Amino acid sequence: MVAPSPPARLLCVAIAIPGLIAINHLPSIAIAAVLASILCLALPGVRGRHMKFVLWIWAPLAAWMFIVWGLVVGAPPGLALHTSTVEGVAYAARISLRLLAMVGLLQSCLLSIKPEQLAAGLLSLRIPRHLALVVLNVFVLGPEISNRLDQVLTARIARGLMRRNSRVSAVRNAASTMVPLVAWGFRSAHARAENWQQRGILLSPQLTASVPPSIADWFYVVAAVCFSATCLFLAKGHQPW
């Protein structure tokens, strides 16, 4: 099946995300989360990142939400404490599964796009150039921060401030590690944005050339509209369960 173009992917994300936010029907949210995860696992360049997100971010966050709303609070927001454990668990399930669906959709649509394709897609959707620079900076800054983090940790290990391959030591040194990393990230993003703006990166003919949408693009956009409309219908006409 023909993959959609970068502008169509961005437009599909912008259309589908409001539907995921509006819906409260738990089975529908679970189906959307499963489909988004399957889509991420089917893409070779996205599979590893999605698995890392699920194992290291989503699973601990979901477990914590189930503990808080199901055991500690024992009720969803708006009700008295320990009045409905089942509804508290359902609330935690809706929030965690909605997060998984949204992140899976974003990863499947955006991580499979090259930076130059992303820039062309943003400009074709009439996104202001300064906002397009911010989005591109986010995607470029991720790998650079990872490399910089390795350098900071290696330097601290060489100075004897932490032990190699020790997670406990890494947690203890998190504050002293993050301060130079965050400061460097801000400086790097600012310098890169100024460099791109001075060189006119977003003014190149390859990025500003308009390409008419294909039939596949229209198919995916219509599918996203139908999905969002279905979510809004379920949010209006069904109970949370």
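What percentage of the 241 residues of the chain count as buried? The share is 37%, where buried means under 20% relative accessible area, exposed means over 50%, and partly exposed lies in between (1.4 Å probe, protein chains only).

**Before you start.** This is a predicted model, in which local features need pLDDT of at least 70 and side-chain atom pairs count only at pLDDT 80 or more, while totals for chains, interfaces and linings use all residues. Residues are numbered from 1 along each chain as its sequence is written, and side-chain values use heavy atoms, with hydrogens and water left out.

View 1. Helices (H or I, at least four residues) and strands (E, at least two) are DSSP runs, numbered from the N terminus. Among contacts (heavy atoms within 4.5 Å) between residues at least 6 apart in sequence, 72% join residues at least 24 apart. The accessible surface is about 14,700 Å², and 70% of this belongs to carbon and sulfur atoms; such areas come from the Shrake-Rupley method with a 1.4 Å probe, and for residues only the protein chains shown count as cover.

**View 2. Confidence is highest in helix H4 and lowest in helix H9.** The predictor's confidence in each residue is called pLDDT and runs from 0 to 100. Its mean for the chain is 79, and 81% of the residues reach 70 or more. Helix H4 (residues 85-110) has a mean of 91, whereas helix H9 (residues 205-208) has a mean of 54. Where pLDDT is low, the predicted coordinates should not be read in detail.

**View 3. A nonpolar patch lies on the surface.** Look for Leu-41, Met-51, Leu-55, Trp-56 and Ile-57, which together have about 520 Å² of accessible area. Patches are made of residues with over 30% relative accessible area and no salt bridge; like charges are joined within 9 Å, and nonpolar side chains (Val, Leu, Ile, Met, Phe, Trp, Tyr) within 5 Å. A salt bridge here is a side-chain nitrogen of Lys or Arg within 4 Å of a carboxyl oxygen of Asp or Glu. Helix H3 (residues 44-72) gives the largest share of the patch, four residues. Met-51 sits in helix H3 and is partly exposed, at 35% relative accessibility.

**View 4. Trp-58 is a buried residue in helix H3.** Its relative accessible area is 17%. Leaving aside neighbours within four places in sequence, Trp-58 is in contact with Phe-53, Ser-96, Leu-97, Leu-99 and Leu-100. Leu-97 is 39 residues away from Trp-58 along the chain, yet their C-alpha atoms are separated by 9.2 Å.

**View 5. His-82 has a positive phi although it is not a glycine.** The angle is about 55°. You will find His-82 in the loop between H3 and H4, where this residue counts as exposed, at 54% relative accessibility.

**View 6. Ser-228 is buried in helix H10 (residues 215-237).** Its relative accessibility is 8%. Not counting residues up to four places away in sequence, Ser-228 touches Ile-15, Ala-16 and Gly-19.

**View 7. The count of disulfides is zero.** Cys-12 is in no disulfide, and the nearest cysteine sulfur, that of Cys-109, is 6.4 Å away; a disulfide needs a pair of cysteine sulfur atoms within 2.5 Å. Cys-12 is buried, with a relative accessible area of 10%, whereas Cys-226 is partly exposed, at 46%.
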